[in-house]
Amino acid sequence: MNAIGYFEIQSSNPQREKEFYEKVFQWKFIKIENAPIEYYHIETPGLYGGMLKRSAELPPQACGTNAFTCSIEVENFDRTAEIILSAGGKVAMPKFAVPNRCWQGYFLDPDNNTFGIIEIDETVK
């Protein structure tokens, strides 16, 4: 109980973000046809989520994150970072070590949503 059970991504251009996350993480998107807004269920190997058409203006860049940011566990941080950048993502905070835990970094998707990736490495100093 009290574990994260669902996440959502807001998007100004859902088709663009759908293609981005499919390419980077191989997530599956299922459009919900009778929803009152453009909405997709997201299937991942772990947690389920959703993506909806952004209903308000995009926040300005370089003002920090006003959200609850999720980080995705990946096998290889550097390789995943390359895929993110080649798919149109940007670095928000470069890779850094969390001692005895992991490598972590933050990125922006094409709609400037912040997300993190982590590679578990308990030997990192």
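Reader: Is F7 buried or exposed?

Author: This is a predicted model. In it, F7 has a relative accessibility of 12%, so F7 counts as buried, the cut-off being under 20%.

Reader: And W27, buried or exposed?

Author: W27 is buried, at a relative accessible area of 8%.

Reader: How many aromatic pairs are there in the whole structure?

Author: A search of the whole structure gives 11 aromatic pairs. In one of them, the ring centres of F7 and W27 are 5.5 Å apart and the planes stand at 55°, so this pair is tilted. The pair links distant parts of the chain, 20 residues apart: F7 belongs to strand β1, while W27 sits in the loop between α1 and β2 (28–31).

Reader: What about the rings of F25 and W27?

Author: Their centres lie 5.2 Å apart and their planes are at 25°, so F25 and W27 form a stacked pair. Both residues are buried.

Reader: Which residues do the ring pairs link into a cluster?

Author: The cluster consists of F7, F20, Y21, F25, W27, F77, F107 and F115, linked by ring pairs.

Reader: Turning to the largest nonpolar core, which residues touch the most other members?

Author: They are Y21, F25, W27, F115 and I117, in a core of 20 residues. At least two residues of this core come from each of β1 (7–11), α1 (14–25), β3 (39–43), α2 (77–86) and β8. In soluble globular proteins, nonpolar side chains tend to be buried together.

Reader: What does Y21 touch, leaving out residues up to four places away in sequence?

Author: With those left out, Y21 is in contact with I9, Q26, W27, F29, D109 and F115.

Reader: I9 interests me; what is its bridge partner in β4?

Author: I9 is bridged to M51 of β4. Strands β1 and β4 run parallel and are joined by 5 bridges.

Reader: How does β4 pair with β3?

Author: The two strands pair in the antiparallel sense, over 4 bridges. Y39, for example, has L52 in β4 as its bridge partner. A hairpin of 5 residues joins β3 to β4.

Reader: How many residues of β4 are buried?

Author: Strand β4 (residues 49–53) is mostly covered, with 4 of its 5 residues buried.

Reader: Now the open sheet: what is its strand order?

Author: The order is β5-β8-β7-β6, an open sheet of 4 strands with mixed pairing. Its edge strands, β5 (71–73) and β6 (90–98), each pair on one side only. From one strand to the next, the twist averages 20°.

Reader: In what sense do β7 and β8 pair?

Author: Strand β7 (residues 102–108) and strand β8 (residues 114–120) are antiparallel partners over 7 bridges. Within that pairing, Y106 has G116 of β8 as its bridge partner.

Reader: Where does N113 lie?

Author: N113 is in the loop between β7 and β8.

Reader: Why does N113 count as buried?

Author: Its relative accessibility is 17%, and buried means under 20%, so N113 counts as buried.

Reader: What does N113 touch, again leaving out residues up to four places away in sequence?

Author: N113 touches I9, Q10, R54, F107 and L108. With regard to Q10, its backbone oxygen lies 2.7 Å from a polar atom of the N113 side chain.

Technical notes. Residues are numbered from 1 along each chain as its sequence is written. This is a predicted model: local features need pLDDT of at least 70, side-chain atom pairs count only at pLDDT 80 or more; totals for chains, interfaces and linings use all residues. Side-chain values use heavy atoms; hydrogens and water are left out. Two strands pair if DSSP finds at least two bridges between them. Axes are lines fitted to C-alpha atoms, for helices over the stretch in contact, and angles run from 0 to 180 degrees between N-to-C directions. Buried means under 20% relative accessible area, exposed over 50%, partly exposed in between (1.4 Å probe, protein chains only). A polar contact is a pair of N or O atoms within 3.5 Å; within protein, one must be able to donate a hydrogen and the other to accept it, and residues adjacent in sequence count only if both atoms are side-chain atoms. Contact means heavy atoms within 4.5 Å. A nonpolar core is a set of buried Ala, Val, Leu, Ile, Met, Phe, Trp, Tyr and Cys residues joined through side-chain atoms within 4.5 Å. Rings of Phe, Tyr and Trp (its six-membered ring) pair if their centres lie within 6.5 Å; planes under 30 degrees apart count as stacked, over 60 as edge-to-face and the rest as tilted.
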